[in-house]
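Welcome! Take a look at the sequence and the model, then read on.

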Amino acid sequence: MQKYLLKRFLSLFTTLLGVSVLVFLIVHMIPGDPARYIVGKNASEEAVKAMRAQLGLDQPLITQYFDYLGKLVHGDLGTSLFTGIPVWEEITSRFPITFQLAVYGVVLGSVIGILFGVIAAVKQNTFIDRLVNTLSTISISAPDFWVILFVIWLFAYQFGWFPISGYDGFYSLVLPSLTIGLFSIGFIAKMTRSSMLDVIKQDYMRTAEAKGVATWARVFAHGLQNAVIPIITLIGLQFGGLLAGAVITETVFALPGIGYFAIEAVTKRDIPTVQGVVLFVALLYTLVNLVTDIVYSFFDPRVRYD
């Protein structure tokens, strides 16, 4: 395990270095001049040049990159060009909202998705199976904005149960979490059904049935445990993607999370902020994948890391 973790952390370092180069180049290719954005459209060229010099944007790209890398080595992600606040502080103040949203959404989607998938597998080729498959397909294929608008119309406008936008505690996250959960249910249900159909046919399942083990006890205690590996992989990918920022959901619901913050930074061409957010997201995604791989061994003792 120690050797495996060492390899993964070395891979993490290489990944972050590659991401830093890539995002640096892409950000500098975005049209627009942040110096002009800061001083205003009506400012003189002299004022723009002075601001560019102050920001270090008049230096060659290679010089700018190594300056950025030098700060990064010391844990400095830079300072936002528009708020004047260190990027790390901006990220840490907004990340808890995105984290809560991701946890609530994935838990909701996982519980319902796994339950639906198991039921569909047990009731294969019945009306229930076809119903779960139909609902899963709708969940996967429905446009994000349509689902969001429907959830807002039903639970906020018609019933008036939850706020439509902004962040003011747990209730502000109910509708966004429900939206994310609905997106996840279809994928997880289909994956669970597929994995369970393979497991149900195994000899040990027939042996458990012959011993008189109740159907649902047999399915969940013996079947689901052996079918869970691909499900964990999918849930890990879903969770990592949500930690990267549920951009559409956060934007529509006006939640000040990582995704909404990234959109603002790109719009304003806030170079240090964009670079810092992308690196932070890459780090999170890689760590989530690492944790997902380690979790495998708790569900399947045959999994070994050399």
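A residue counts as buried when its relative accessible area is under 20%, and as exposed when that area is over 50%. Ser110 has a relative accessibility of 9%, so Ser110 counts as buried. Please keep in mind that this is a predicted model.

**The chain as a whole**

- The protein chain contains 13 helices and zero strands, so its pattern along the sequence is simply α-α-α-α-α-α-α-α-α-α-α-α-α.
- The protein chain has 306 residues, and 41% of them count as buried.
- Among contacts in the protein chain with a separation of 6 or more, 75% are between residues 24 or more positions apart.

**Ser110 in its helix**

- You will find Ser110 in helix α5.
- Leaving aside residues up to four places away in sequence, Ser110 touches Ile188 and Ile235.

**Helix α5 against helix α12**

- Two packed helices are described by the angle between their axes and the distance between the axes.
- For helix α5 (residues 87-122) and helix α12 (residues 258-268), the axes come within 8 Å and cross at roughly 135°.
- On the α5 side, the contact is made by Glu90, Ile91, Arg94, Phe95 and Thr98, while α12 brings Ile258, Gly259, Phe261 and Glu264.
- Sorted by class, this contact of α5 with α12 has four nonpolar, two polar and three charged residues.

**Two salt bridges**

- Side chains of opposite charge can pair when their charged atoms come close.
- How many salt bridges does a search of the whole structure find? There are two salt bridges.
- One of them joins the side chains of Glu90 and Arg94, at 3.6 Å from N to O.
- Glu90 and Arg94 are four residues apart in helix α5, which means that about one helical turn separates them.
- Are Glu90 and Arg94 buried or exposed? Glu90 counts as buried because its relative accessibility is 6%, and Arg94 is buried too, with a relative accessible area of 17%.
- In another salt bridge, Arg193 pairs with Asp129, and their closest N and O atoms are 2.7 Å apart.
- This pair links distant parts of the chain, with Arg193 in helix α8 (residues 171-200) and Asp129 in helix α6 (residues 127-141), 64 residues apart.
- Arg193 and Asp129 are both buried.

**A closer look at Arg193**

- The relative accessible area of Arg193 is 18%, so Arg193 falls under the cut-off for buried.
- Which residues does Arg193 touch, not counting those up to four places away in sequence? Arg193 touches Gly117, Ala120, Ala121, Gln124, Asp129 and Asn133.

- Most residues other than glycine have a negative phi.
- Asn125 has a positive phi of about 65°, although it is not a glycine.
- Where does Asn125 sit? Asn125 is in the loop between α5 and α6.
- With a relative accessible area of 58%, Asn125 is exposed.

Methods:
Residues numbered from 1 in each chain as written. Predicted model: local features only at pLDDT ≥ 70, side-chain atom pairs only at ≥ 80, totals over all residues. Heavy atoms only, no water. Axes fitted to C-alpha atoms, helices over the stretch in contact; angles between N-to-C directions. Helix = DSSP H or I, 4+ residues; strand = E, 2+ residues; numbered from the N terminus. Contact = heavy atoms within 4.5 Å. Nonpolar A, V, L, I, M, F, W, Y, C, P; charged D, E, K, R; others polar. Salt bridge = Lys/Arg side-chain N within 4 Å of Asp/Glu carboxyl O. Buried < 20%, exposed > 50% of the residue type's maximum accessible area, 1.4 Å probe, protein only.
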